[in-house]
Amino acid sequence: LNPYFVTYAFFFSLWIIFLLAQTKWGSPLWCRLAWGAVGGSLSGGTSNFIKDAMALGNSSNVIADFTTYYLLLSGLLLSAGGLSISSLILSMECMKRYDATFSCASYTGAMVFSVSVMS
């Protein structure tokens, strides 16, 4: 495993746990910000799985063991789909609780940040 990816995954998980904790126990301002940012962060994390799946698809003629190839590819695509659906569900919850203007701004900011960190 790539140490950069492991470090990213560790801190990304801590960030998501921090945001989810803020939605439960944070002050009203932090709670509002966390609801918008958690959806955007998960949505930004989706692009990493899609990029890795495309890179794996380009190297399919080099891989000798196709069982491993299909397991990795299906795992990456299922992870991307799961994060996308989770992001959508959390964003809908945020829009139910708070106004759309603030929710969209914090969602977009978190998504751009999350994509930029891994690029």
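Let's start with helix H3, residues 66-97: its 32 residues reach 46 Å from the first C-alpha to the last, close to the 46 Å expected at 1.5 Å a residue. That expected span is 1.5 Å times one less than the number of residues in the helix. Please keep in mind that this is a predicted model, where local features need pLDDT of at least 70 and side-chain atom pairs count only at pLDDT 80 or more, while totals for chains, interfaces and linings use all residues. Residues are numbered from 1 along each chain as its sequence is written, and side-chain values use heavy atoms, with hydrogens and water left out.

Now, what does H3 pack against? Its buried residues sit against helix H2 (28-58) and helix H4 (100-118). Among those buried residues of H3 are Tyr 69, Leu 73, Ala 80, Ser 87 and Cys 94. Buried here means under 20% relative accessible area, exposed means over 50%, and partly exposed is in between, with a 1.4 Å probe and protein chains only.

Stepping back to the whole chain, there are 4 helices and 0 strands, in the order α-α-α-α along the sequence. Helices (H or I, at least four residues) and strands (E, at least two) are DSSP runs, numbered from the N terminus. The C-alpha atoms fill a box of roughly 55 × 25 × 20 Å, taken along the principal axes. Of the 119 residues, 30% count as buried.

Let me show you a residue of H2, Gly 39. With a relative accessibility of 0%, Gly 39 counts as buried. Not counting residues up to four places away in sequence, Gly 39 touches Ser 87, Leu 90, Ser 91 and Tyr 107; contact means heavy atoms within 4.5 Å. Over in helix H4 we find Ser 106, also buried, at 9% relative accessibility. Leaving aside neighbours within four places in sequence, Ser 106 is in contact with Leu 33, Gly 36 and Ala 37.

On to the aromatic rings. Rings of Phe, Tyr and Trp (its six-membered ring) pair if their centres lie within 6.5 Å; planes under 30 degrees apart count as stacked, over 60 as edge-to-face and the rest as tilted. By this rule there are 4 aromatic pairs. The ring centres of Tyr 8 and Phe 12 are 5.6 Å apart and their planes are at 20°, so this pair is stacked. Both residues lie in helix H1 (residues 3-25), 4 residues apart, about one turn of the helix. Phe 10 and Phe 11 make an edge-to-face pair, with 5.2 Å centre to centre and 75° between the planes. Ring pairs also link Trp 15, Phe 18 and Trp 30 into a cluster.

Finally, the largest pocket, with a volume of about 180 Å³. On a 1 Å grid over the protein atoms alone, a pocket is an open set of points with protein on both sides within 12 Å along at least five of seven lines, and lining residues have an atom within 4 Å of a point. Grid points are joined across faces, edges and corners, and the volume is the space filled by probe spheres set on the points. Which helix supplies the largest share of the lining? That is H1, with 5 residues. The lining includes Tyr 8, Phe 12, Trp 15, Ser 41 and Phe 113.

Technical notes:
On a 1 Å grid over the protein atoms alone, a cavity is a set of points where a 1.4 Å probe fits but cannot get out, and a pocket is an open set with protein on both sides within 12 Å along at least five of seven lines; lining residues have an atom within 4 Å of a point.
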